[in-house]
Amino acid sequence: MMEIQWGQPVVLITPHDGEAERFGTIEKARYWLRRKWPVSDNARNTALRQVEAAMDCMQPVEEARNAFLVAALSAGFVPARAI
């Protein structure tokens, strides 16, 4: 399976343990949204829908990336510089 790069990696500090997590592909973002996300709110659900739509080539990857960032802030992640 080919991974879909989504531009500059997003590095987030996780709310539960303060660890830095690097998101360089849309597949990793989807995995986290589905399996490891700390909250299930509207921002997370919107991001997951947009990420999956981008994976199906139904919308631009940049829109999915932006929705992911909104969901991350909503869930308490803190943006960090790219590693």
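Visitor: Why is Thr14 called buried?

Guide: In this predicted model, Thr14 has 4% relative accessibility. Buried means under 20%, so Thr14 counts as buried.

Visitor: Where is Thr14 found, and which residues does Thr14 touch?

Guide: Thr14 sits in the loop between β1 and β2. Leaving aside residues up to four places away in sequence, Thr14 touches Glu19, Glu21, Trp32 and Phe77. Pro38 is 24 residues from Thr14 along the chain, and the C-alpha atoms of the two are separated by 9.0 Å.

Visitor: What does Glu21 touch, and where is Glu21 found?

Guide: Glu21 belongs to strand β2. Not counting residues up to four places away in sequence, Glu21 touches Val10, Val11, Leu12, Thr14, Lys28 and Trp32. From Glu21 to Gln8 there are 13 residues in sequence and 14 Å in space, C-alpha to C-alpha.

Visitor: What makes Gly18 partly exposed?

Guide: The relative accessibility of Gly18 is 44%. Buried would need a value under 20%, and exposed one over 50%. Gly18 therefore counts as partly exposed. Gly18 lies in the loop between β1 and β2, and its C-alpha atom is separated by 27 Å from that of Val61, 43 residues apart along the chain.

Visitor: Why is Cys57 called exposed?

Guide: Cys57 has 68% relative accessibility. Exposed means over 50%, so Cys57 counts as exposed. Its place is in the loop between α2 and α3.

Visitor: What is the phi of Cys57?

Guide: Phi of Cys57 is near 60°, a positive value in a residue other than glycine. Cys57 follows α2. Just after α3 there is also a residue with positive phi, Gly76, at about 95°.

Visitor: How do you know that the span of α2 agrees with its number of residues?

Guide: Helix α2 has 14 residues, and at 1.5 Å a residue they should span 20 Å. The end C-alpha atoms of α2 are 20 Å apart, so the two values agree.

Visitor: Which residues of α2 are buried, and what do they pack against?

Guide: The buried residues of α2 are Ala43, Arg44, Ala47, Leu48, Val51, Ala53 and Ala54. They pack against α1 and α3.

Visitor: How are α1 and α2 placed relative to each other?

Guide: Two packed helices are described by the angle between their axes and the distance between the axes. The axes of α1 (residues 26-36) and α2 (residues 42-55) come within 10 Å and cross at roughly 145°. The crossing of α1 past α2 is left-handed.

Visitor: Which residues make the contact of α1 with α2?

Guide: From α1 come Ile26, Glu27, Arg30, Leu33 and Arg34, and they meet Arg44, Ala47, Leu48, Val51, Glu52, Ala54 and Met55 in α2. The residues of this contact divide into 7 nonpolar, no polar and 5 charged.

Visitor: Which residues of α1 are buried, and what covers them?

Guide: Ile26, Glu27, Ala29, Trp32 and Leu33 are buried in α1. What covers the buried residues of α1 includes β1, β2, α2 and α3.

Visitor: How do you know that the span of α3 agrees with its number of residues?

Guide: Helix α3 (residues 61-74) has 14 residues, which at 1.5 Å a residue should span 20 Å. Its end C-alpha atoms are 20 Å apart, so the span agrees.

Visitor: Which residues of α3 are buried?

Guide: They are Ala64, Arg65, Ala67, Phe68, Ala71 and Ala72.

Visitor: What do the two faces of α3 meet or carry?

Guide: The buried residues of α3 pack against β1 (5-13), β2 (20-25), α1 and α2. The face turned away from the buried side of α3 carries the exposed residues Val70 and Leu73.

Note on methods. Residues numbered from 1 in each chain as written. Predicted model: local features only at pLDDT ≥ 70, side-chain atom pairs only at ≥ 80, totals over all residues. Heavy atoms only, no water. Axes fitted to C-alpha atoms, helices over the stretch in contact; angles between N-to-C directions. Helix = DSSP H or I, 4+ residues; strand = E, 2+ residues; numbered from the N terminus. Left-handed = near helix turned anticlockwise from the far one by under 90°. Contact = heavy atoms within 4.5 Å. Nonpolar A, V, L, I, M, F, W, Y, C, P; charged D, E, K, R; others polar. Expected span 1.5 Å × (residues − 1). Buried < 20%, exposed > 50% of the residue type's maximum accessible area, 1.4 Å probe, protein only.
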